[in-house]
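Please keep the sequence and the 3D view at hand while reading.

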Amino acid sequence: LGTMAATALAEHGPGGWREAQTCIETIANCIEEGLLVLDRFGKVFFCNEAMASILAIDRGALEGMCTQSLLDLLGELVTDPPPIVRARQLLDARDRTVCEEFEIPGPPRSVVRWVAHGVTDPEPATVVVCTDITAEVDLATTHERDATVDRLTDILNRRGIEPQIAREISRAARHGTPLSLLIIDVDHFKKVNDQYGHCVGDLVLRGVAQVIEKTVRATDLVGRWGGEEFLVLLPHTDLQHARLAAERIRKAIEGTPLCEGHSVTISGGIAEFAISDTGSELLERADKQLYVAKTSGRNRVC
């Protein structure tokens with residue numbers, strides 16, 4: 001665009017420049033990306049309508065704005081800025097290309113990819129291209145959620161909670177804090193499906209998940225381990241207090257009519273993290289205690 005303007009000015013004088021400027025504006029306003037050009041003095045020389053819309057400011061107010069004011073504007077727009085925005089380096093593109101993604105709350109909310117590049121021909125300038133990637137980011141978030149959240153119960157699935165187990169084990173080992181794990185199994189769940197049908201069975205599983213979530217602390221982690229099994233991770237909790245927490249869950253589920261007006265019961269197995277434990281070893285010990293609870297008559301925690 002700069003070469004076009006320089007050529008028009010050299011060949012046709014001021015009239016050629018006005019013609020080129022009109023052509024540049026027409027082209028720039030046809031693209032979806034925001035376009036911003038700062039001159040060698042750090043003033044906004046040109047911006048298109050898309051950039052003005054992204055920055056929620058009138059184009060006339062943006063053109064002529066100095067670097068300092070532009071950075072102030074961005075600082076006000078981005079409520080949770082990444083380091084490069086906080087350091088006011090979005091336009092520091094003299095010898096490099098600056099690329100960053102950040103969210104502008106709006107309304108409407110938008111996530112943008114900001115790319116600033118320094119140029120020297122036909123004269124020094126900084127060119128910024130800003131792309132709205134909100135749909136792309138939202139789609140990725142949806143895919144991530146679908147991969148880690150159980151669709152039936154709306155809690156973490158096995159894939160979602162396994163990294164949390166590893167994280168909490170690492171934290172407990174590093175700080176020497178207690179950690180306990182509870183595995184829960186809905187008693188006689190096959191009979192529920194056989195007698196009332198799978199739709200009722202699904203309602204029971206959703207109900208159990210909801211009761212568990214309402215009963216545990218905000219810092220505890222709840223997931224569906226598979227089938228009718230649920231897992232509760234209890235940070236900063238030793239075996240004694242984990243037993244109390246598990247009993248609260250057991251009683252809460254037993255006292256809630258989740259199956260056609262009738263209650264269901266659960267069995268549970270608890271294990272406390274030992275410093276030498278891996279995630280699989282902790283799970284295995286909790287699972288063994290669950291087996292003891294089930295073979296001892298169910299509706300109990302071991």
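Two residues are said to be in contact when they have heavy atoms within 4.5 Å of each other. In this predicted model, among the contacts between residues at least 6 apart in sequence, 51% join residues at least 24 apart.

Turning to the overall outline, the protein contains eleven helices and eleven strands, and its C-alpha atoms fill a box of roughly 95 × 45 × 25 Å along the principal axes. The radius of gyration is 30 Å, whereas a compact globule of 302 residues would have a value near 19 Å. Of the 302 residues, 41% count as buried, and the accessible surface of the protein comes to about 16,400 Å², with 52% of that area belonging to carbon and sulfur atoms.

A closer look can now be taken at one helix. Which residues of helix α8 are buried? Within this helix, which spans residues 189–196, they are Phe189, Val192 and Asn193; because these residues cover an arc of only 95° around the axis, they lie on the same side of α8. Lys190, Lys191, Asp194 and Gln195, by contrast, are exposed on the other side of the helix. The cover over the buried residues of α8 includes the strands β6 (179–186) and β9 (257–259) as well as the helix α9 (198–215). After α8 comes Gly197, which has a positive phi, near 100°.

Methods: Residues are numbered from 1 along each chain as its sequence is written. This is a predicted model: local features need pLDDT of at least 70, side-chain atom pairs count only at pLDDT 80 or more; totals for chains, interfaces and linings use all residues. Side-chain values use heavy atoms; hydrogens and water are left out. Helices (H or I, at least four residues) and strands (E, at least two) are DSSP runs, numbered from the N terminus. The radius of gyration is taken over C-alpha atoms; the globule rule is 2.2 Å times the number of residues to the power 0.38. Buried means under 20% relative accessible area, exposed over 50%, partly exposed in between (1.4 Å probe, protein chains only). Accessible areas come from the Shrake-Rupley method with a 1.4 Å probe; for residues, only the protein chains shown count as cover. The arc is that of the directions from the helix axis to the C-beta atoms.
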